Amino acid sequence: QVQLVESGGGLVQPGGSLRLSCTASGSMISINSMGWYRQAPGKQREMVARIDSDGRIDYVDSVKGRFTISRDNAKNTVYLEMNSLKPEDTAVYYCNTDSRMDWTPRLLSWGQGTQVTVSS
């Protein structure tokens, strides 16, 4: 199995910044992709940013130019640098990984979620 531990959420004023981190541990052979999703109250969970093992990156349009995703493969860690935060960024942010295991080529795993609240 894969365990994901997230950190870095909190309360920030509009225009502020936060950095989320997520570290994966377990018996994975490799991690194909790492990403961040979010879910606001009453809304569906949406992909925020994702980075593949080859470095390809995708962002949801609403965060382009404000958020930056990166990963440290040596530490099995993915980061989400969030700048110019807006109230509409308020949500629970979930880390997600797609890992190759010895018993399956793809195992999707989720973190427990970290709350990000943008409010004055």
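Analyst: Happy to. Keep in mind that this is a predicted model.

User: What makes Cys-22 and Cys-95 a disulfide?

Analyst: Their sulfur atoms are 2.1 Å apart, and the cut-off is within 2.5 Å, so the pair qualifies. A search of the whole structure finds one disulfide.

User: Where do its two ends sit in the chain?

Analyst: Cys-22 is in strand β3 (residues 18-26) and Cys-95 in strand β9 (residues 91-100). They're 73 residues apart, and the pair links distant parts of the chain.

User: Why is this disulfide called left-handed?

Analyst: That's down to the torsion about the S-S bond of Cys-22 and Cys-95: it is about -80°, so the disulfide is left-handed.

User: Are those cysteines, Cys-22 and Cys-95, buried or exposed?

Analyst: Buried means under 20% relative accessible area. Cys-22 comes out at 0%, so Cys-22 is buried. Cys-95 has a relative accessible area of 0%, so Cys-95 is buried too.

User: Why is the pair of Tyr-37 and Trp-110 called edge-to-face?

Analyst: The count comes to one aromatic pair. For Tyr-37 and Trp-110, the ring centres are 4.9 Å apart, against a limit of within 6.5 Å. Their planes sit at 70°, and over 60 degrees counts as edge-to-face, so that's the label this pair gets.

User: What does that pair tie together?

Analyst: Tyr-37 lies in strand β4 (residues 30-39) and Trp-110 in strand β10 (residues 107-110), so the pair ties together parts that are 73 residues apart in sequence.

User: Which arginine lies over the face of Trp-110?

Analyst: Arg-45, at 4.7 Å from the ring centre. Arg-19 lies over the face of Tyr-79, at 4.2 Å from the ring centre. The distance limit for such a call is within 6 Å.

User: How do you know that Leu-20 is buried, and what does Leu-20 touch?

Analyst: Leu-20, in strand β3, has 0% relative accessibility, so Leu-20 counts as buried. Leaving aside residues up to four places away in sequence, Leu-20 touches a list of residues including Trp-36, Val-78, Tyr-79, Met-82 and Val-116.

Conventions:
Residues are numbered from 1 along each chain as its sequence is written. This is a predicted model: local features need pLDDT of at least 70, side-chain atom pairs count only at pLDDT 80 or more; totals for chains, interfaces and linings use all residues. Side-chain values use heavy atoms; hydrogens and water are left out. Helices (H or I, at least four residues) and strands (E, at least two) are DSSP runs, numbered from the N terminus. Buried means under 20% relative accessible area, exposed over 50%, partly exposed in between (1.4 Å probe, protein chains only). Rings of Phe, Tyr and Trp (its six-membered ring) pair if their centres lie within 6.5 Å; planes under 30 degrees apart count as stacked, over 60 as edge-to-face and the rest as tilted. A charge sits over a ring if NZ of Lys or CZ of Arg is within 6 Å of the ring centre and within 35 degrees of the ring normal. Contact means heavy atoms within 4.5 Å.
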